[in-house]
Amino acid sequence: MPEPSRPPSLTVGNIALSFHRAAAAVVRRVLEDAGHEVHGVEAPHEQLFGLQAAGEIDLLVSAWLPASHGTYLARYEDEVQVLDPHYAPYCVWAVPPYVPVEAVAEVADLARPEVADRMTRTLDGINAGAGISRFSARMITEYGLDRSGYAFRPGTEQSFIHRVERGIAEREWFVIPIWRPQYLNRVHGLRPLAEPKGLLGGTDAARPVVTRTALTTIAPAALERLRTLRLGNDGIEAIDELINVDGLTPLDAADRYLRDAERTAR
């Protein structure tokens, strides 16, 4: 009797940031459990969507919709199916927990002279194509913070993490454009500022994007698991912490998280 055919190989793409690697690692394990061989690709935000539009990625993990990545997906949305969300990300500006809420409770407070004199006025972020970077550059002018000397500076994930860790270590007053899920929130207790103008995009839905071709080849059991997978912001941050603090690879972190989740569910 011939052996049953192996499911086809698939390419999973993720944005080149650690928490996206965390989510992609779980998706990869779901597919591998169903017998698929999985190849990984990662790229900056807009470039990754371009790769899927060009047919080089079967599953993209994940599109933050509608605010952060909707414009990138709109170019080829008829060629894909967007699955149910795995978590609910949102962007914030945050300060370290030792900055008193009485001094800085919302974004507009940053312009108060006694605050601006003490605050580091360069806001360091990640790459310019990220939603949080686009939103933050606009907020500097919309809130008039440029008149107080504030500026937004995009950077790499490594420079962003270093900026937070150095600032915390030196008890510096600084603002960080960040988001949930991100392990730095969990580790350092960063405090979000109120942003009443609503320029940070609200709460998105982090949704896997599957090409219509891949939909016909993914094992049905795997596709059903992907449709019902709910990691939540806490779950992503837990995996992200395993990667960045405990030093696990994304796949090893996903394995530990899934084992722990299975034990909890029993």
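Q: How many residues does helix α10 have, and what span should they give at 1.5 Å a residue?
A: Helix α10 covers residues 232-244, which is 13 residues, and at 1.5 Å a residue they should span 18 Å. The model is a predicted one.

Q: Which residues of α10 are buried?
A: Asn233, Gly235, Ile236, Glu237, Ala238, Ile239, Asp240, Leu242 and Ile243 are buried in α10.

Q: How many bridges join β5 to β8, and how many join β5 to β9?
A: Strand β5 and strand β8 (residues 176-180) run antiparallel and are joined by five bridges. Within that pairing, Val92 stands opposite Ile178 of β8. On β9 (residues 191-192), β5 pairs over two bridges, again in the antiparallel sense. Ala94 stands opposite Pro192 in β9, and Val95 has Arg191 as its bridge partner there.

Q: Is strand β5 mostly covered or mostly open, judged by its buried residues?
A: In a regular strand, side chains alternate between the two faces of the sheet. Strand β5 (residues 90-95) is mostly covered, with five of its six residues buried.

Q: What is the strand order in the open sheet of five strands, and which strands stand at its edges?
A: The order is β2-β1-β3-β10-β4, and the pairing is mixed. β2 (38-43) and β4 (80-82) stand at the edges; each has a single partner strand, so one side of each is left without a neighbour in the sheet. On average, neighbouring strands of this sheet are turned by 30 degrees against each other, direction ignored.

Q: Within that sheet, how do β3 and β10 pair, and which helices pack on the sheet?
A: Strand β3 (residues 59-65) and strand β10 (residues 205-211) pair in the antiparallel sense over five bridges.

Q: Where is Thr211, and is it buried or exposed?
A: Thr211 is found in strand β10. Its relative accessible area is 12%, and the cut-off for buried is under 20%, so Thr211 counts as buried. Leaving aside neighbours within four places in sequence, Thr211 is in contact with Gln52, Ile57, Asp58, Glu79 and Val80.

Q: Which residues touch the most other members of the largest nonpolar core?
A: In soluble globular proteins, nonpolar side chains tend to be buried together. The largest nonpolar core here has 92 residues, and Leu31, Trp93 and Leu110 touch the most other members. Helix α1 (residues 18-33) supplies the largest share of this core, nine residues.

Q: How is an aromatic pair described, and how many are found in the whole structure?
A: A pair of aromatic rings is described by the distance of the centres and the angle of the planes. A search of the whole structure finds five aromatic pairs. Trp64 and Tyr87 form an edge-to-face pair, 6.3 Å centre to centre with 85 degrees between the planes. This pair links distant parts of the chain, 23 residues apart: Trp64 is in strand β3 and Tyr87 in the loop between β4 and β5. Trp64 is buried at a relative accessible area of 5%, and Tyr87 counts as buried at 4%.

Q: Which rings form the stacked pair, and which residues make up the aromatic cluster?
A: Phe160 and Trp179 are stacked, 5.2 Å centre to centre with 15 degrees between the planes. Phe160 lies in helix α6 (residues 157-169) and Trp179 in strand β8, 19 residues apart. Both Phe160 and Trp179 are buried. The aromatic cluster consists of Phe19, Trp64, Tyr87, Phe160 and Trp179.

Note on methods. Residues numbered from 1 in each chain as written. Predicted model: local features only at pLDDT ≥ 70, side-chain atom pairs only at ≥ 80, totals over all residues. Heavy atoms only, no water. Buried < 20%, exposed > 50% of the residue type's maximum accessible area, 1.4 Å probe, protein only. Helix = DSSP H or I, 4+ residues; strand = E, 2+ residues; numbered from the N terminus. Pairing = 2+ DSSP bridges. Core = buried A, V, L, I, M, F, W, Y, C linked by side-chain atoms within 4.5 Å. Expected span 1.5 Å × (residues − 1). Axes fitted to C-alpha atoms, helices over the stretch in contact; angles between N-to-C directions. Contact = heavy atoms within 4.5 Å. Phe/Tyr/Trp six-rings, centres within 6.5 Å; stacked < 30°, edge-to-face > 60°.
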